[in-house]
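Reader: Before going into the details, I would like to learn how to read the features of a model like this one. Please show me the structure.

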Amino acid sequence: MTPSVAGADAALVRPRKHLADYVETVLPKVVLGPTLLCGLIFVYGFILWTAWLSFTESRILPRYDFAGLVQYVALFANDRWWIALKNLGIFGGLFILFCLAIGLLLAILLDQRIRAEGFLRSIYLYPMALSFIVTGTAWRWILNPGLGFEHLVRQLGFEHFTFDWIVTPGMSIYAVVIAGAWQSTGFVMALFLAGLRGIDDSIIKAAQVDGAGPVRIYASIIIPSLRPVFFSSLIILGHIAIKSFDLVMALTGGGPGFSSDLPATFMYTFAFNRNQIGLGAASAMMMLMTVVAIIVPMIYSETRRRG
Amino acid sequence: MAEPYRTQAVGPHLVARAAVYTLLILFALYYLMPLFVMITTSLKSLDDIRSGNLVALPRAVSLDAWVKAWGSACTGVFCGGLKGNFMNSVSFVVPAVVISTLIGAFNGYVLTMWRFKGSDALFTLLLIGCFIPFQVVLLPMAQTLGWLGIANSIPGLIFVHVVYGLAFTTLFFRNFYVTVPSELTKAARIDGAGFFTIFWRIILPLSPPIIVVCVIWQFTQIWNDFLFGVVFSSGQRQPITVALNNLVNTTTGVKEYNVDMAAAIIAALPTLFVYVVAGKYFLRGLTAGAVKG
Amino acid sequence: MGSLSIRNVVKRFGPVQVLKGINIEAQDGEFLILVGPSGCGKSTLLNMIAGLDTITSGEIAIGGRIVNDLSPKDRDIAMVFQSYALYPNMSVRDNISFGLKIRKVPKEKQDEIVARVAKTLQMEPLLDRMPSQLSGGQRQRVAMGRALARDPMLFLFDEPLSNLDAKLRVEMRTEIKLLHERLKATIVYVTHDQIEAMTLGDRIAVMKDGEVRQLASPQEVYDNPADLFVASFIGSPSMNFIRSPVVAENGTIGVQLHEGAERFVFRAPPGLEASLRSWAGKEVIMGIRPEQITDRSPWSGENPHVVSRAAKVEVVQPTGPDTLALIHLNDTPVTCRVHPESAPHPGENMSLMFDLSKLVFFDPQTEKRIS
């Protein structure tokens, strides 16, 4: 151990570093290690693996000889893939739009110092606690032509009312929008509400003193200052939209036929049901690239702006 | 009592508030409607369903659909109801939640109190992993699970959910521990406490709020998951979400909507229960996850 | 042995040199203050003494042992933080005995130490409370109690009073001073408040931009500041700085001043005449403290170095015990301290006494004091 020194004139002694101290500098890295390894292998490594598969002619079993872009060519020659992409655009766009609009509206309404605000908030938010499968199942029943909403309205007297989107090839994707928006709006509302509450009161008071009316205040001051919230919501909703799989499987099964297919259901079907691993891998890579292409620039530009 | 003086007319003000409340209530009804429909439909007999309509109350309340959903409905080839799958879910959700929360806590602790060169960069890399669409890891993971001998098994599902839940749990704990003053760790180090002592005696006792948020979030995510369940398990090993989907999608025989609804509610009960009991923590989890980076 | 030895200590963060070579030797039982504006490096230096930050080059020795490679717990130090850093989930008693528990001190000894510390700091009724139930001043005392319980060779204080309100700060200052006198411990104390530095320290190290500008007793730093920065930093209201040319007149050396239209010369103090002679014809910066410019008093006639002049007072600021009067010399604002009763109205002239014996002069280029 370290020898102690007696007397002010003793030569200054240099004690040795303890083993325990070395351990303490290494320990943090050891603790973080497994997680980082997981990330390295099971995220980044697997992405590379799937990428490789997408460049091979794998069908039921994986093959690892390089075959160029053959799967990507096949992918974009596949009608069903184009339908999936189109549906993603429709679904994604409408889903995000409705969630943002209704979420903002609900947040603004709730912000008006409402009684039972907490109670109402928990009603709008509870769908987020449900699995998309449960949501899909419930809405599948509600949108059931013949026994669901259509039947109800007809019973109320509107005998020629039709609402059979769920079994109509061209409209099935819109049914998915309805169910999806129902589930996720509450979340957006919660984010906007938190954003509204974070706005500095004194700015609003200054505007009131300046003579601005409530609509003006909302339009010119409050909504613009919610920009970061719009932004986070956009990223999260976009993410949910691109990954949407559960909801479609439960609500329409991708059907009728494959009219409500989305890239996620396409990938599952081809990789696991149709024994086309290479094609499935290619579609998965396309999904990844979509996410990267949209989300990364958004994050980059917003962090740049906030500088 | 004298009326307080108002500078604006009371009239339009009242109208505006009435409009606000009306809208809010209408929306509330819109959100509650599916739940109402699920419950009432599950309590009706098939005749009742056919002769009535979506929102009508059951003529005679019957729990037959529930009994069937739990014990004898067909989820594919097997016709034993959802109870087996419910147990499956419980048996992998609980360990996965516990393990991922524990590791996340340690990670968050290291990333805030024992920073080293590059630890922040590593955190960012980890975070990016939150964003990937899981489709892109399904094929390799299926292969890997097979190699490890845990394909189509509960341990396999635990493994998958832990691996892909680590990024979120680490994020939660890291964002929480960042608010703990670093001087606390400094004082403890001077007092002689080491890495584990500081975590156990000082950091962990401060953590219950975030532990609750993390557990609720993970529980909800993992219980409600479908993708990993449908890809990495089959038959009787499947989680309840997959079994529900199978049950609802069977094309043989008469469609028993009441059983479908009962089954859906059974699948939703645990997470709904957690939501009702600990809703505000659920909300905190959502907003914490959204305030990334 | 309680001495602290800091030799040629340098600290670099990447390309930035935060500490440029610090040399300080503290004696046993000394109360050493590190004072300076934020960013001067004082907290970094304290962290390096504690072992919470690494040393880029140089040596730090505590009690004769070089501690560069030792972890904080092995350096025989205790630290009191600005934010108190009390363990929130432990009672006051457990906070104080935490370190003892870790070092496996037997329970009876622990209790004995806690009782002794509680008595010294008059905290006995607080022992079973939780930190959240304590006021700021009480928390600070617990933090000090935790340090005392360790009975270390060196106490480190990192701006411990900055979070307290002004009144409490003055009370705690007295307590800390009493504690030092009683314990005769070696203390290194970091603060940005020059009043704390002056009232508490045996010696003050005034720091700026990673360097020690002056290390001396409070009075020495006050009367003979090493450079312009130290002179301006210590003392409130700050010393007045007046640019003026050095002139030789009738065999004596002085500085040329004007107030309004009047021109006059202030004679240099006897000790500085020789040094200032070489500055004749050039400009220096003259420093005079506000309390050296006062109103007429019955005794002023006795001091040969006190000169009387009239000046126009522009602004008047009463502080209670005295009133600050602003005049202009060489077109520079100069603050004077006068009795409230003698203070004129703004715009009026006033007869002032200038004590020239304490004048200091600085080289305008190097900013160092001319001695």
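This is a predicted model: local features need pLDDT of at least 70, side-chain atom pairs count only at pLDDT 80 or more; totals for chains, interfaces and linings use all residues.

Reader: What pLDDT does chain A average?

Author: pLDDT is the predictor's confidence in each residue, from 0 to 100. Chain A averages 84, and 91% of its residues score at least 70. Residues 1-11 of chain A have a pLDDT below 50, and this stretch has nine contacts in the model beyond near neighbours in sequence. Two residues are in contact if their C-beta atoms, placed from the backbone, lie within 7 Å.

Reader: How many helices and strands are there in chain B?

Author: Helices (H or I, at least four residues) and strands (E, at least two) are DSSP runs, numbered from the N terminus. Chain B has 13 helices and zero strands. With a radius of gyration of 25 Å, well over the 19 Å that the globule rule gives for 293 residues, chain B is more spread out than a compact globule. That radius is taken over C-alpha atoms, and the rule is 2.2 Å times the number of residues to the power 0.38. The C-alpha atoms of chain B fill a box of roughly 80 × 75 × 30 Å along the principal axes.

Reader: Into which domains is chain B divided?

Author: Domain bounds come from an automatic or database domain assignment. In chain B they give domain 1 (14-62) and domain 2 (83-290). The C-alpha centres of these two domains of chain B lie 33 Å apart. Seven residues from domain 1 of chain B and seven residues from domain 2 of chain B take part in the contact. On the domain 1 side, H1(B) gives the most, with four residues.

Reader: How many residues of chain B are in contact with chain A?

Author: Here 67 residues of chain B are in contact with 74 residues of chain A. Helix H13 (residues 257-290) of chain B gives the most to the chain B side, with 15 residues. For residue classes, Ala, Val, Leu, Ile, Met, Phe, Trp, Tyr, Cys and Pro count as nonpolar, Asp, Glu, Lys and Arg as charged, and the others, Gly among them, as polar. The side of chain B that touches chain A has 49 nonpolar, 16 polar and two charged residues.

Reader: Which helix of chain B gives the most to the side that touches chain C?

Author: The contact takes 14 residues from chain B and 17 residues from chain C. On the chain B side H8(B) gives the most, with six residues. By class, that side divides into eight nonpolar, two polar and four charged residues.

Reader: How many residues of helix H1 of chain C are buried?

Author: A residue is buried if 20 or more other C-beta atoms lie within 10 Å of its own, exposed if 12 or fewer, and partly exposed in between, with C-beta atoms placed from the backbone. Helix H1 (residues 42-50) of chain C is mostly covered, with seven of its nine residues buried. Among them are Lys42(C), Leu45(C) and Ile49(C).

Notes:
Residues are numbered from 1 along each chain as its sequence is written. Chains are lettered from A and ligands numbered from 1 in the order in which they are written.
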